[in-house]
Amino acid sequence: MLLSPLLCHSLRGLWASAPLPPRCLRALHCDARRPLHFLWRRTPLCPHVQSRGVKSRKRPSFEEQQKTRNKTVLTYVVAAGVAMVGLSYAAVPLYRLYCQATGLGGTAVAGHDSDLVANMEPVKERVIKVTFNADTHASMQWNFRPQQTEIFVVPGETALAFYRAKNPTDKPIIGISTYNVVPFDAGQYFNKIQCFCFEEQRLNPHEEVDMPVFFYIDPEFDSDPRMARVDTITLSYTFFEAKEGHNLPLPGYSYN
């Protein structure tokens, strides 16, 4: 396309009144005998040239970015702390339930199947001596002891034993007990139908009560090779004073 000299001079006057940035317009050649070529650089518009009506966004400062990042990190830390506290409170009762269900750590298995108990076949030739132990925590002021020191049972046979607790003080005291079985491997076969463990017991001043333990030893005890030399099992209870915020110790691993 050829432009006349008059048109070319008009365009030059227009560019003179509103010059374009040198970096944006690379070259302009205008001649009456040559085509007019516009050679634009393939780069974004110059930083100082803005479209009309578009506002520039102010980037946040380094301090603002740092504050935002710190708030995010603090939020995650607080959430993690709350979760850990919740898990720590839930861990003890959950672990107790697990121990009672599996007999882990010398903990007797809680609960029973009524049909299983009714249809158990006692293993008459396998006699086991069950001894009883009673302890109290140093801060517990109760008198606590078993009513019998030992009884003889056979696997597949139910038995009943008693403990006695007395509050000799002039104030009411609430106690709670934990227990274990020695040896601890026998805990999975020691099933308690009724007991007073892990339940708060309130004794008024000078009150005395008997606490029953109804239990049986699973007949599978006799077929376990690990129990071949076990002829004595000890059931041990420990009473603690129930106080707010006080957690019972987890069942421990006990050996003969």
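Here is a short tour, from the overall picture down to individual side chains.

This is a predicted model, where local features need pLDDT of at least 70 and side-chain atom pairs count only at pLDDT 80 or more, while totals for chains, interfaces and linings use all residues. Residues are numbered from 1 along each chain as its sequence is written, and side-chain values use heavy atoms, with hydrogens and water left out. The chain has 3 helices and 12 strands; these are DSSP runs numbered from the N terminus, with helices being H or I of at least four residues and strands being E of at least two.

**Overall picture**

- Of the 256 residues in the chain, 33% are buried (buried means under 20% relative accessible area, exposed over 50%, partly exposed in between, with a 1.4 Å probe and protein chains only).
- Among contacts with a separation of 6 or more, 73% involve residues 24 or more positions apart (contact means heavy atoms within 4.5 Å).

- An open sheet is built from 5 strands in the order S6-S4-S12-S8-S10, with mixed pairing (two strands pair if DSSP finds at least two bridges between them).
- The edges are strand S6 (150–153) and strand S10 (201–203), each pairing on one side only.
- Strand S4 (residues 128–136) runs antiparallel to S6, and the two share 4 bridges.
- Within that pair, Lys129 sits opposite Phe152 of S6.

**Salt bridges**

- The count is 5 salt bridges (a side-chain nitrogen of Lys or Arg within 4 Å of a carboxyl oxygen of Asp or Glu).
- Arg126 and Asp222 meet through their side chains at 3.1 Å, N to O. Arg126 is in the loop between H3 and S4 and Asp222 in the loop between strand S11 (208–217) and strand S12 (232–241), so this bridge ties together parts 96 residues apart in sequence.
- Arg126 counts as buried at 13% relative accessibility, while Asp222 is partly exposed at 32%.
- Lys129 also forms a salt bridge with Glu150, with the closest N and O atoms 3.9 Å apart. Lys129 is in strand S4 and Glu150 in strand S6, so the pair links parts 21 residues apart in sequence.
- Arg164 bridges to Glu208, the closest N and O atoms being 3.8 Å apart. With Arg164 in strand S7 (residues 158–166) and Glu208 in strand S11, the pair ties together parts that are 44 residues apart in sequence.
- Arg164 and Glu208 belong to a salt-bridge network that also takes in Asp210.

**Spots to look at**

- Gln201 lies in strand S10, and its C-alpha is 5.1 Å from that of Gly175, 26 residues away along the chain.
- Beyond its neighbours within four places in sequence, Gln201 is in contact with residues including Trp142, Phe196, Met211 and Phe239.
- Leu116, in helix H3 (residues 114–118), is partly exposed with a relative accessible area of 43%.
- Val78 belongs to helix H2 (residues 62–102) and is partly exposed, at 48% relative accessible area.
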